[in-house]
Amino acid sequence: MTQRFYLLAASQVTANVGFVLYTMAVTFYIKENTGSTALASMITMTSLLARFLSGLSVPLLARYV
């Protein structure tokens, strides 16, 4: 494996860890300020739904580019 692969892998890992920490911080903030577990869980659900829909739509859009 080349150095470029390891740099790419490291950047992907760093971005994913950053996203997880950010999501946890926002979820914790909402839970602490509202006291609602259901509302706090909507942060993760919204993120999951957005990633799912973008994963479905990108191949459809790429066909026309």
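Which residue follows α1, and is its phi positive or negative?

1. The residue after α1 is G35, and its phi is positive, near 75°. This value, like the others in this note, comes from a predicted model.

2. Helix α1 covers residues 3-34, and helix α2 covers residues 37-62. Helix α1 is made of 32 residues. From its first C-alpha to its last, α1 reaches 46 Å, which is close to the 46 Å expected at 1.5 Å a residue.

3. Next comes the packing of the two helices. Two packed helices are described by the angle between their axes and the distance between the axes. For α1 and α2 the angle is about 150°, and the axes are 7 Å apart. Angles over 145 degrees count as roughly antiparallel, and α1 and α2 are therefore roughly antiparallel to each other. Their crossing is right-handed.

4. Which residues make this contact? On the α1 side they are F19, T23, V26, T27, I30, K31 and T34. On the α2 side they are T37, L39, A40, I43, T44, S47 and R51. Sorted by class, the contact of α1 with α2 has six nonpolar, six polar and two charged residues.

5. Which residues of α1 are buried? They are T23, T27 and I30. What covers them includes α2. An α-helix has 3.6 residues a turn, so residues three or four places apart point the same way. The numbering of T23, T27 and I30 can be read with that rule in mind.

6. Take T27, which is found in helix α1. Its neighbours within four places in sequence are left aside here; beyond them, T27 is in contact with A40, I43 and T44. The C-alpha atoms of T27 and V13 are separated by 21 Å, with the two residues 14 residues apart along the chain.

7. I30 also lies in helix α1. Apart from its neighbours within four places in sequence, I30 is in contact with G35, L39, A40 and I43. G35 is the residue with the positive phi that follows α1. The C-alpha atoms of I30 and V65 are separated by 40 Å, and these residues are 35 residues apart along the chain.

How values were computed
Residues are numbered from 1 along each chain as its sequence is written. This is a predicted model: local features need pLDDT of at least 70, side-chain atom pairs count only at pLDDT 80 or more; totals for chains, interfaces and linings use all residues. Side-chain values use heavy atoms; hydrogens and water are left out. Axes are lines fitted to C-alpha atoms, for helices over the stretch in contact, and angles run from 0 to 180 degrees between N-to-C directions. Helices (H or I, at least four residues) and strands (E, at least two) are DSSP runs, numbered from the N terminus. Angles under 35 degrees count as roughly parallel, over 145 as roughly antiparallel, 65 to 115 as roughly perpendicular and the rest as oblique. A crossing is left-handed if the near helix is turned anticlockwise from the far one by less than a right angle, and right-handed if clockwise. Contact means heavy atoms within 4.5 Å. Ala, Val, Leu, Ile, Met, Phe, Trp, Tyr, Cys and Pro count as nonpolar, Asp, Glu, Lys and Arg as charged, and the others, Gly among them, as polar. The expected span of a helix is 1.5 Å times one less than its number of residues. Buried means under 20% relative accessible area, exposed over 50%, partly exposed in between (1.4 Å probe, protein chains only).
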